[in-house]
Amino acid sequence: MNNQVKLDLDHFRAILQDRKEELLHFLAENSEGAKTVELDQTRVGRLSRMDALQNQEMAKETNRRRQAELQRIEAAFQRIEDGEFGECANCGEDIAIKRLELDPAVIVCINCAS
Ligand SMILES: [Zn+2]
């Protein structure tokens, strides 16, 4: 059973591109937000300062996750180029189209993921 022939690569490329642009947008916005927090720290009390620092940590963590997802997306683009998209990186079986629709950046089939 080979679903590669049925895979609409342009469709998945479009999903990945949308997601990538969304992530880049969030990343740009988030770094500006972190700057604003730093400026505010000079004129807020100690408690709000702690809040600000905590928010900054959360923003950093969110950024890290977004960077990681961006890398997964770049890797998915690479697999499309290499003709490996939709193939399980572990067992080589086809990944179910439904699974790819949910997350085109997945690299293993449902059996290998569980
Ligand atoms: Zn597998």
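What is the mean pLDDT of the chain, and what percentage of its residues reach 70 or more?

1. The mean is 87, and 84% of the residues reach 70 or more; pLDDT is the predictor's confidence in each residue, from 0 to 100. This is a predicted model, in which local features need pLDDT of at least 70 and side-chain atom pairs count only at pLDDT 80 or more, while totals for chains, interfaces and linings use all residues. Residue numbers run from 1 along each chain as its sequence is written.

2. The chain has 4 helices and 0 strands, in the order α-α-α-α. Helices (H or I, at least four residues) and strands (E, at least two) are DSSP runs, numbered from the N terminus.

3. Helix α2 covers residues 46–82, and its end C-alpha atoms are 54 Å apart. Just after α2, Gly83 has a positive phi of about 75°.

4. Leu24 sits in helix α1 (residues 9–40). Leu24 counts as exposed because it has 12 C-beta neighbours inside 10 Å. For reference, a residue is buried if 20 or more other C-beta atoms lie within 10 Å of its own, exposed if 12 or fewer, and partly exposed in between, with C-beta atoms placed from the backbone. The C-alpha atoms of Leu24 and Leu70 are 8.3 Å apart, although the two residues are 46 apart in sequence.

5. Buried residues account for 11% of the 114 in the chain. The largest nonpolar core has 9 residues, including Phe12, Ala76 and Phe85; such a core is a set of buried Ala, Val, Leu, Ile, Met, Phe, Trp, Tyr and Cys residues joined through C-beta atoms within 7 Å.

6. Beyond its neighbours within four places in sequence, Phe85 is in contact (C-beta atoms, placed from the backbone, within 7 Å) with Leu7, Leu9, Phe12, Ala76, Arg79 and Ile80.

Note on methods: The expected span of a helix is 1.5 Å times one less than its number of residues. Two residues are in contact if their C-beta atoms, placed from the backbone, lie within 7 Å.
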